[in-house]
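Subject: Structure handover

Hello,

Here is the structure I promised to pass on. Please open it first, then read my notes below.

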Amino acid sequence: MNRKVAVIGVGNSKFGKRDDVTIKELAWESVKEALEDAGLTQKDIDITVIGSTAYRGTEIYPAPPVSEYCGLVGKSPIRVEAACATGSSAAFTAINLIASGLADIVLAIGVDKMTEVDTSTSLAIGGRGGNYYWEFHMYGTTFPTYYALYATRHMALFGTTEEDMALASVKAHKYATLNEKAHFRNKITVEDVLKSRVISWPIKLLDSSPISDGSATVIFASEEKVRELKIDTPIWVKGIGYSSDTSYIAARGEWVGLEAARDAAAKAYKMAKISPLDIEYATVHDCFTIAEIMAYEDLGFVEKGKGAELLREGQTEKDGKVAVNLFGGLKAKGHPLGATGLSMIYEVTKQLREEAGPVQHSFKRYLALTHNVGGTGHYAYVMIFNR
């Protein structure tokens with residue numbers, strides 16, 4: 001990057017079914033927290049980037065009303081969308097606005113109200129996330145089914161079991177009990193997961209992330225502004241990587257990982273000049289439990305086929321080899337698509353500042369990573385941060 005960029009403020013709303021607020025009010029919850037966290041007002045912001053899918057809400061063009069409600073009119077709201085990776089797309093845009101010299105302080109908002117339609121409608125919308133005619137229209141393929149295809153191939157080639165996948169869900173729920181902003185805060189067992197309703201075998205209800213409402217906001221600043229504002233603990237963007245893959249998953253070479261995620265990770269590691277084994281904390285895109293296992297492998301924490309071993313050995317728990325998703329992950333914290341990527345940055349910022357309370361991980365090098373996937377690898381963003 002031409003200029004160094006840092007995170008100087010973060011905010012996160014309560015995730016869940018939020019019938020108590022409009023999308024504008026929901027966005028303001030995280031914007032207010034981020035402004036207060038950075039010690040700024042709306043006047044200090046140069047540009048706003050708003051990430052929202054808005055496929056499932058009544059406000060399908062949310063950028064202008066959200067910008068107006070949050071007191072950011074005139075700050076050029078840029079709207080971005082990249083399915084489940086929309087929040088990271090907003091962060092990517094904000095970071096590059098500063099790195100290129102076009103702005104010094106950029107506020108990125110991710111927000112979605114996904115519970116304004118029923119579950120069947122939501123599944124039908126999600127099924128259009130790949131190639132509509134050759135997948136959803138011809139075969140009725142829904143999102144759980146896409147990941148079920150990956151899961152069955154992983155099981156056949158590497159011996160991964162339903163019990164292994166259940167461990168990812170149990171871990172997510174355990175840590176979400178300690179996150180007051182999480183969608184689900186109940187502990188579950190492996191048996192609970194195995195006995196839950198089959199959605200698309202081997203994916204069951206408790207292998208799946210919920211349909212959530214929520215918002216997250218991150219304020220980025222240039223190195224010059226960090227010095228001018230005398231920010232105590234800036235969290236620096238050390239590396240960013242992005243990639244994509246075919247819309248039609250049958251056109252891909254194999255179904256045991258996401259090539260886009262591997263490519264994005266390689267770019268981020270190269271920019272940061274570190275290896276996967278240097279990462280101490282990660283938020284990964286666990287939309288379904290098999291996705292967390294594949295993420296361990298795609299990010300290089302372990303060789304292909306060995307992801308389940310990290311779960312069995314407890315290496316991704318708090319103070320483990322590489323702690324993963326200690327705020328509950330998409331699985332239990334929740335997955336409002338527009339907010340998810342920015343909520344990941346909120347989480348690693350809290351961890352690197354040592355403000356994570358009961359789920360604070362122990363760091364030596366203060367290196368953390370976010371891994372956010374849109375669709376089934378149609379988009380992938382990997383970002384590396386350090387203190």
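Start with Ala83, which lies in the loop between β3 and α3 (86-99). Helices (H or I, at least four residues) and strands (E, at least two) are DSSP runs, numbered from the N terminus. Ala83 is not a glycine, yet its phi is positive, near 50°. Its relative accessible area is 16%, so Ala83 is buried. The cut-offs: buried means under 20% relative accessible area, exposed over 50%, and partly exposed in between (1.4 Å probe, protein chains only).

Before going further, two notes on the source. This is a predicted model, where local features need pLDDT of at least 70 and side-chain atom pairs count only at pLDDT 80 or more, while totals for chains, interfaces and linings use all residues. Residues are numbered from 1 along each chain as its sequence is written, and side-chain values use heavy atoms, with hydrogens and water left out.

Backbone

Most residues other than glycine have a negative phi, and most peptide bonds are trans. Ser76 also has a positive phi, about 45°, without being a glycine. Look for Ser76 in the loop between α2 (63-69) and β3 (78-80). Ser76 counts as partly exposed, at 45% relative accessibility. There is a cis peptide bond too, from Trp201 to Pro202, with omega near 10°. Pro202 sits in the loop between β5 (198-200) and β6 (203-204).

The sheet

What is the strand order in the open sheet? Ten strands run β3-β2-β4-β7-β1-β8-β12-β11-β9-β10, with mixed pairing. The edges are β3 and β10 (323-324); each has a single partner strand, so one side of each has no neighbour in the sheet. Two strands pair if DSSP finds at least two bridges between them. Strand β2 (residues 47-51) and β3 run parallel and are joined by three bridges. Gly51 has Val80 in β3 as its bridge partner.

Salt bridges

The structure has 31 salt bridges (a side-chain nitrogen of Lys or Arg within 4 Å of a carboxyl oxygen of Asp or Glu). One of them joins Arg312 and Asp164, at 2.9 Å from N to O. That pair links distant parts of the chain: Arg312 is in helix α12 (residues 307-312) and Asp164 in helix α7 (residues 162-176), 148 residues apart. Asp164 is buried, at 5% relative accessibility.

Lys225 and Glu228 make another salt bridge, with the closest N and O atoms 3.2 Å apart. Both lie in helix α9 (residues 223-229), three residues apart, about one turn of the helix. Lys225 is partly exposed at 21% relative accessibility, and Glu228 is exposed at 54%.

Arg353 and Glu355 also form a salt bridge, at 3.3 Å between the closest N and O atoms. Arg353 is buried at 11% relative accessibility. Glu355 is partly exposed at 42%. Elsewhere, shared partners join Glu254, Glu259, Arg262, Glu297, Asp298 and Lys304 into one salt-bridge network.

Aromatic rings

The model has 13 aromatic pairs. Rings of Phe, Tyr and Trp (its six-membered ring) pair if their centres lie within 6.5 Å; planes under 30 degrees apart count as stacked, over 60 as edge-to-face and the rest as tilted. The ring centres of Tyr281 and Phe363 are 6.4 Å apart and the planes are at 45°, so this pair is tilted. Tyr281 is in strand β9 (residues 281-283), and Phe363 is in the loop between α14 (337-352) and β11 (367-374), 82 residues apart. Tyr281 is buried at 0% relative accessibility, and Phe363 is buried at 10%. Phe363 also pairs with Tyr366, in a stacked arrangement: 5.3 Å centre to centre, 15° between the planes. Separately, Phe143, Tyr146, Tyr147, Tyr150, Trp255 and Phe288 form one aromatic cluster.

One more residue

Is Lys181 buried or exposed? Lys181 counts as buried, at 17% relative accessibility. Its place is in the loop between α7 and α8 (190-195). Beyond its neighbours within four places in sequence, Lys181 is in contact (heavy atoms within 4.5 Å) with residues including Asn12, Phe15, Glu33 and Tyr346.

Over to you.
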